[in-house]
Amino acid sequence: MQKTFTDQLGNNISINWPPKRIVSVVPSQTELLFDLGLSEQIVGLTKFCIHPIEMFAAKQKVGGTKKLRIDVIRELRPDLIIGNKEENSKADIELLQQEFPVWMSDIYHLEDAMQTITDIGDLVDRQPEAAYLNHLINAGFNDLQTLALSKGIDQTVAYVIWKDPYMFAGRNTFIDDILRKIGLRNVVNETRYPEIEVAELIALNPQFVFLSSEPYPFKEKHIEELQRFLPQAKVILVDGEMFSWYGSRLVKAVQYFFDFQNQLLSE
């Protein structure tokens with residue numbers, strides 16, 4: 001059966017519904033598709049789509065999120081490709097759109113992520129499963145916000161995503177919204193992912209500096225480098241997937257953030 005859908009960039013796509021051959025080119029959305037029960041329908045994913053790891057090895061890799069292997073995707077003959085405006089190269093997506101139905105998400109807030117789960121549930125005929133995931137996410141984050149307000153969690157933070165140069169998650173990003181949802185205030189006022197010199201970071205005077213595990217793989221050895229310049233701040237490693245993956249990973253993120261908030265309260 002042919003059905004028409006509108007993606008989050010306003011593009012209309014017509015697909016054979018429900019789709020039988022799906023290529024997903026965004027790790028968090030790939031994990032969502034698996035959690036919606038579509039392991040048989042997923043025929044291609046990127047080399048970064050590592051969750052669930054037991055499914056990763058069995059699926060055809062189609063390159064990286066920013067550099068897709070168009071020839072491999074063609075060989076897979078997908079009846080649906082699912083991508084994201086920020087994660088994927090515009091040139092790659094525009095090329096694929098000439099040959100295949102491509103559905104794109106565009107996510108800046110938790111509410112956008114939940115809408116994406118709903119939309120993808122409709123797209124792949126998994127509406128009840130998507131609704132249940134959103135129920136868990138909504139309830140969990142409501143509780144996180146209640147805890148932050150009731151316990152007065154209101155610390156300032158700088159969230160570092162890259163090194164040499166240092167780059168940060170700024171305003172108008174999904175990470176910034178998640179920080180706010182758990183009671184933290186981002187000291188970076190620029191939008192998107194600005195480069196910031198250490199001297200400017202010192203002036204911003206954050207109480208916490210989060211070193212994300214992705215996209216740059218920060219390790220324990222990197223803590224000392226920034227701690228030397230910011231002795232008054234607490235520099236810690238954080239799981240980047242919890243702060244930046246916007247699919248079903250958000251269910252796991254709820255427990256991660258509860259533990260994190262409790263850690264803040266105990267210090």
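1. In which loop is Ser39 found? In this predicted model, Ser39 belongs to the loop that runs between helix H1 (27-35) and strand E4 (42-45). The points below begin with this region and then turn to other loops of the chain.

2. Eight of its nine residues are buried, so H1 is largely enclosed by the rest of the structure. The buried residues are Pro27, Ser28, Gln29, Thr30, Glu31, Leu32, Leu33 and Phe34. After H1 comes Gly37, which has a positive phi near 90 degrees.

3. When residues up to four places away in sequence are not counted, Ser39 touches Phe34, Met55 and Lys59. Ser39 and Ile22 stand 17 residues apart along the chain, and their C-alpha atoms are separated by 9.7 Å.

4. Two cis peptide bonds should be noted. One joins Trp17 and Pro18, with omega about -5 degrees; Pro18 lies in the loop between strand E2 (12-16) and strand E3 (22-24). Another runs from His51 to Pro52, where omega is near -5 degrees. Pro52 is located in the loop between E4 and helix H2 (53-56). As background, most peptide bonds are trans.

5. Where does Arg69 lie, and which residues does it contact? Arg69 is placed in the loop between strand E5 (60-61) and helix H3 (70-76). Leaving aside neighbours within four places in sequence, Arg69 is in contact with Val62 and Gly63. Its relative accessibility is 43%, so Arg69 counts as partly exposed. From Arg69 to Val43 the C-alpha to C-alpha distance is 14 Å, and the two residues are 26 residues apart in sequence.

6. Most residues other than glycine have a negative phi. Asp164 occupies the loop between strand E8 (155-162) and strand E9 (167-168). Is Asp164 buried or exposed? Asp164 counts as exposed because its relative accessibility is 59%, and the exposed class begins over 50%.

7. Arg192 is not a glycine either, yet it has a positive phi of about 60 degrees. This residue lies in the loop between E10 and H8. With a relative accessibility of 24%, Arg192 counts as partly exposed.

8. Glu190 is found in the loop between strand E10 (184-186) and helix H8 (198-204). Its relative accessibility is 33%, and Glu190 therefore counts as partly exposed. Which residues form a negative surface patch? The patch is made up of Glu190, Glu195, Glu197 and Glu200.

Notes. Residues numbered from 1 in each chain as written. Predicted model: local features only at pLDDT ≥ 70, side-chain atom pairs only at ≥ 80, totals over all residues. Heavy atoms only, no water. Helix = DSSP H or I, 4+ residues; strand = E, 2+ residues; numbered from the N terminus. Contact = heavy atoms within 4.5 Å. Patch = residues over 30% accessible without salt bridge, like charges linked within 9 Å, V, L, I, M, F, W, Y side chains within 5 Å. Areas by Shrake-Rupley, 256 points an atom, 1.4 Å probe, with all protein chains shown as cover. Salt bridge = Lys/Arg side-chain N within 4 Å of Asp/Glu carboxyl O. Lys, Arg positive; Asp, Glu negative; His and termini not counted. Charge placed at Lys NZ, Arg CZ, Asp CG, Glu CD. Buried < 20%, exposed > 50% of the residue type's maximum accessible area, 1.4 Å probe, protein only.
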